[in-house]
Amino acid sequence: MHMEQRELDFFLGALSPTGFASYYTQLVKDVKTQSPALLKAGPGCGKSTLLHRVADHLKQLGETVELIHCSADPDSLDGVICIARGFSAVDATPPHALEPVYPIVFEDIVSLYRAVDLQKLRSHREELVALFRQHKALTERATRYITAAGSLLQDSMRVALSCTNTEKARAFAGALARRYLPPAEGTGSEDVRLLSALTPHGLCFYRDTIQKLADTVVVLDDEYGAASRTLLYALRGLALERGYDVITCYCSMSPYEKIEHLFVPSLRLCFATSNSFHPISLPGQRAIHCTRFCSAEGLRLRRQRLRFNRKAAQELFRQAVCVLQEAKACHDAIEEYYKDSTDFSFLDKAYQYLIGTI
């Protein structure tokens, strides 16, 4: 496996129509992760830099690592997971704050707050409080746009669902399982991730992760997500029932209800959803057009409503991205104050400590 293939890109949280949707609590409950390190520090104190260094160390050891990106800035890391080593390190501060359930026995806390010159930072208290409040207001505004867009997309999914033969879709899922999911000897477990999120860069979709994790890719071409959702829920249940570990990737616009992608790593198999927001076209993929499960006449009669929903949602997403860019600029200004007050030599000590636990 080439070095670049040792990096699997995911999100564990994103802004959604219901606010920030987080799956970070998995890291303090997953039995596969025996030594989660919870990083505590202010913005700009070096958490992402530290995580990048730890990820590079693991890759040099020949391990595959999951890079958990920050949806507010995909160039920054919020976590690193190495299943083979039973290791994870994660930014445990808001909006994905984590606290230990079994302190020291299970989770470890690595604080970088000690690297900050408190007096120097507090001399800018007034400016920082104003920036934090501005950032919060901008994030809330972006969330309102996302909520409105999510409502329209949910309406389209419900319209499509009313035109979908779900029994036919579930029966087809059974046929797919017979072809791709022979019975296994495991007990079946599930990890939850996100492959896409709305970010200041627009919609960020880690398509390369599909190619790195799967040799067999079955693409469900489904603009509205009704039939694909039915198929993926059925396939997820069948895979777990047959003893496979799976990675379930939800849609950040419906983060607790709508599965968009399903990985079965031991089979190097992926069932992935393609639509106009994140089209998928990969060499050797098998494409399934989900219109085969829908009433063409029913969709035609509702075409104007569906078209309006899609265009309006796209415009709302554009507005949300603009506001997220403002929020990032605000956050960058906050980080500058913290960077100017931080002794970054402390990161070396934290790095040595973390790699010593691997």
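User: What makes strand 12 and strand 16 a pair?

Analyst: Strand 12 is joined to strand 16 (residues 286-289) by 4 bridges, and the two run parallel. Two strands pair if DSSP finds at least two bridges between them, so these strands count as paired. Strands are DSSP runs of E with at least two residues, and helices are runs of H or I with at least four, both numbered from the N terminus. Within this pairing, aspartate 221 has histidine 289 of strand 16 as its bridge partner. This is a predicted model, where local features need pLDDT of at least 70, side-chain atom pairs count only at pLDDT 80 or more, and totals for chains, interfaces and linings use all residues. Residues are numbered from 1 along each chain as its sequence is written, and side-chain values use heavy atoms, leaving out hydrogens and water.

User: Which residues does isoleucine 210 contact, leaving aside its neighbours within four places in sequence?

Analyst: Contact means heavy atoms within 4.5 Å. By that rule isoleucine 210 is in contact with Leu195, Phe205, Val217, Phe263, Cys270, Ala272, Ile280 and Leu282.

User: What are the axis distance and angle for helix 1 and helix 9?

Analyst: Helix 1 (residues 47-60) and helix 9 (residues 345-355) have axes 10 Å apart, at an angle of about 40°. Axes are lines fitted to C-alpha atoms, for helices over the stretch in contact, and angles run from 0 to 180 degrees between N-to-C directions.
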